Amino acid sequence: MSLLHQMAPKALRLIEAERAHQLTILALKAGFGPSRPKAPDPILATELAGLSLNGPVGLAAGFDKNAEVPLAMAGFGFGWVECGTVTPLAQKGNPKPRLFRLPRDYAVINRLGFNNRGLEVFGQNLFRAQQAGSICPIGANIGANKQSKDRVEDYCAALRVLWGLPNWFTINISSPNTPGLRDLQSADALDELLSRITQTKQQLTKGQPAPPIFLKVAPDLDDPQIESIATTCLKYDISGLIISNTTLARPGGLVSNHRAQSGGLSGAPLFERSTQVLRSFRQASAGRLALIGVGGISNAEQAWQKIKAGASALQLYSALVYHGPGLVADIHRGLAQHLRAEGFASIAEAVGVD
Ligand SMILES: Cc1cc2nc3c(=O)[nH]c(=O)nc-3n(C[C@H](O)[C@H](O)[C@H](O)COP(=O)(O)O)c2cc1C
């Protein structure tokens, strides 16, 4: 990792959070990304619902909402890169300020509200990235417009417009910043959503192999809700669950100035809760759904805990703000050490051993 990439996170933290993020995207688009991607240790190569990953650590949705820099992010060593959330129509999101660092808690609060440039731009960017030849799978995280009259149709429209471009789709029904979106997690609404998504997928595949579809859930779920979501995912052809999005909860002990801002909390204070929910989904799905662990990962030890709790792969975002992109290679290195030290030949062998 170059000196520039080591220094950048500290310098960027001096700038207002959303501005810093925009500058990061601009710099990456201008080519200030990593020059030579390093392949992770071969022991980390793994499979996730048919996707071949060089390493289990992926970029979580929200960093690259418009699929502008997936190749640069892949160059930092991520084994897979999820772009979005994209909605059918471009939308501005909530009024600013809407993104806050909680530095003393190693956390972030955002209430961005799906600010993005819409499916058309997203599709063009993804097409360019795939043409350029990505070194890792790139996925599309899709959502619904705030003003949409038929939110389920928004997800189906995204499948139709983007079909053939991303290596997987993630259905995001867990952002806390679009009023009512999380209601799609309730039993009847989820059944209708997944039924229509399955129909759309069948129309698009025409018997050909299809990319995996993951469902991204909130950490703010109780056990009956977890049971019900797992059952509905198994009824339809959902490949896996991404656990989890940001939380509306405010765990005790937060000390940073912005701790009372409204929005979704991510980073260190989310680790315990999201890992607990991951464990519950592991039990509820009896190992029949691929689970992706997200929430508060900032080192190899925590990544290892998520794998042992049932995650076949991982994603992170907030820790990049505090530790910079060198973190990805550090976590991969540490995971390879854990595997060897504990006598596992692959990530797959260690999944859910807890
Ligand atoms: C600034 C910001 C924007 C986010 N935007 C999205 C989004 O558009 N779609 C989504 O599914 N998740 C979004 N997330 C949630 C992350 O993908 C991730 O699930 C969550 O932050 C927990 O992981 P972390 O603790 O490693 O950040 C966002 C998170 C942050 C911090």
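A polar side-chain atom of Asn-172 sits 3.1 Å from an oxygen atom of the ligand, a polar contact in the sense of a pair of N or O atoms within 3.5 Å (inside the protein, one atom must be able to donate a hydrogen and the other to accept it, and residues adjacent in sequence count only if both atoms are side-chain atoms). The model is a predicted one, where local features need pLDDT of at least 70 and side-chain atom pairs count only at pLDDT 80 or more, while totals for chains, interfaces and linings use all residues. Residues are numbered from 1 along each chain as its sequence is written, and side-chain values use heavy atoms, with hydrogens and water left out.

Two or more residues of the shell come from each of β4 (80-86), β6 (107-110) and β11; helices (H or I, at least four residues) and strands (E, at least two) are DSSP runs, numbered from the N terminus. Of the 25 residues around the ligand, the nearest are Ala-61, Thr-85, Lys-216, Gly-296 and Ser-318, where "around" means having a heavy atom within 4 Å. By type, the shell splits into nine nonpolar, 14 polar and two charged residues (nonpolar: Ala, Val, Leu, Ile, Met, Phe, Trp, Tyr, Cys and Pro; charged: Asp, Glu, Lys and Arg; polar: the others, Gly among them).

Most residues other than glycine have a negative phi, and most peptide bonds are trans. Another cis bond runs from Ile-243 to Ser-244, with omega near 20 degrees. Ser-244 belongs to the loop between β10 and β11 and is buried at 3% relative accessibility (buried is under 20% relative accessible area, exposed over 50%, partly exposed in between, with a 1.4 Å probe and protein chains only). Leaving out residues up to four places away in sequence, Ser-244 touches Lys-216, Val-217, Ala-218, Pro-219, Leu-270, Ser-274 and Val-294, a touch being heavy atoms within 4.5 Å.

Positive phi values turn up too. Ala-49, not a glycine, has a phi of about 50 degrees; it is in the loop between β1 (46-48) and β2 (51-53) and is partly exposed at 35%. Lys-206 has a phi near 45 degrees, lies in the loop between α6 (187-205) and β9, and is exposed at 66% relative accessibility.

Helix α8 (residues 271-285) has 15 residues and spans 21 Å from first C-alpha to last, close to the expected 21 Å, which is 1.5 Å times one less than the number of residues. Its buried residues are Phe-271, Ser-274, Thr-275, Val-277, Leu-278, Ser-280, Phe-281 and Ser-285. These pack against β9 (213-217), α7 (223-235), β10 (240-243), β11 (264-267), β12 (290-294) and α9 (300-309). Just after α8, Ala-286 takes a positive phi of about 50 degrees.
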